[in-house]
Structure formats: C-alpha cells, structure tokens
Amino acid sequence: MLRLTGALLLLAGTAGFARCLCRERKRGLYSLKEMKRMYQLFQSEIEYTGLPLPEIFRNVSEQIDSPFKETLLEICKRLTWERGENLADVWRGQMKICFEALPLKSEVRELAMKFPECAGFHAREGQAKEIDRFIREMDRWILQMEEEEKSKNKVIMSLGIAAGIFLIVILL
C-alpha cells in the first residue's frame, strides 16, 4: 500500500513540475501581450494627446498590469525629477529591473530596450510610426510564442508524466 501511495505521489510530483513549466511559458506569453498593449497605448497617447512623455507614461501605467505599471510610474517619476537623466538611460535601467521577473526571450528584451530610439522623434507622426514598427514586431513574437506554446506544452506534459512512470518502474 505504501509503494502504491509513493508511486502516485511521485507521478503527481512530476506532472505538477511539468505543469509549472507550462504555466511559466504561459506567463511569458501574457507578458509579451501586455507589452504589446503598452506600446499600443503609447501610440494612441502620442497620436491623440500630444502630451510630454512623462505624462504619457503615467497615463499608460493606469491602464496596464504589473510589472509594467510600476516600471512606467518609476520612469515617469525619474523623468520629472529633472536630475538630468535622459529617457534612454532611465528606460533601460527600469526595464532591466522589470525583465528580471519576466520569462521573456533575449530578442524581445533587446527590442524593448530600443524604445527610446523611436521616442526621440520630435514629430508625433514619426513617433507613432516607429511605435507601430514595435507593435508589428511584438505581433510576430506573439504568434511565434503561441505556436511554440501549443506544441511544447504537450511535449513538456508528456515528458513529465513519462519521467514519473520511469521513476516508478525503477524504484519498484
């Protein structure tokens, strides 16, 4: 009876571990979609309000989820303190901190770090067009991650259960 209980617990543990890996991948996809939404909100604010960037960051932070919400608020604060910090340095520093908690690919992180380059245009239309380029790139990454998630999650779950069964056979 103890062996059966142990075997079931081992199988549940390996399946649970596989499920955690799948959940982490799903969290990465959600973060990428939230980042795309953040860029869309930037684009809308730039096109229609014409506010300065710190105000745009504050407005967008009210409409998105963590950790981007806190990051944008911190960027807004640091830009309005007038310490002579430029947008690129503040953006890169705060996004680096934000990305520590997110399971995103390095290519996506590099793309996000380039945002201050498009915000440097003086004309609103130029800024909006550059942000549109970021949005299209995010769409590409989202589609790629969605396709990967479908196939890889099945493989991860299958391997997790197979590893549990393998360990049960070895230990019995």
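Guide: Helices (H or I, at least four residues) and strands (E, at least two) are DSSP runs, numbered from the N terminus. This is a predicted model, where local features need pLDDT of at least 70, side-chain atom pairs count only at pLDDT 80 or more, and totals for chains, interfaces and linings use all residues. Residues are numbered from 1 along each chain as its sequence is written, and side-chain values use heavy atoms, leaving out hydrogens and water.

Visitor: How many helices and strands does the secondary structure of the protein chain come to?

Guide: Happy to walk along it with you. From the N terminus on, the elements run α-α-α-α-α-α-α. The secondary structure therefore comes to seven helices and zero strands.

Visitor: At what angle do the axes of H1 and H4 cross?

Guide: Axes are lines fitted to C-alpha atoms, for helices over the stretch in contact, and angles run from 0 to 180 degrees between N-to-C directions. Angles over 145 degrees count as roughly antiparallel. The axes of H1 (residues 2–48) and H4 (residues 87–99) come within 15 Å and cross at roughly 150 degrees. That makes H1 roughly antiparallel to H4, at roughly 150 degrees.

Visitor: Is Thr5 buried, partly exposed or exposed?

Guide: Thr5 is found in helix H1. Buried means under 20% relative accessible area, exposed over 50%, partly exposed in between (1.4 Å probe, protein chains only). Because its relative accessibility is 36%, Thr5 counts as partly exposed.

Notes: Angles under 35 degrees count as roughly parallel, over 145 as roughly antiparallel, 65 to 115 as roughly perpendicular and the rest as oblique.
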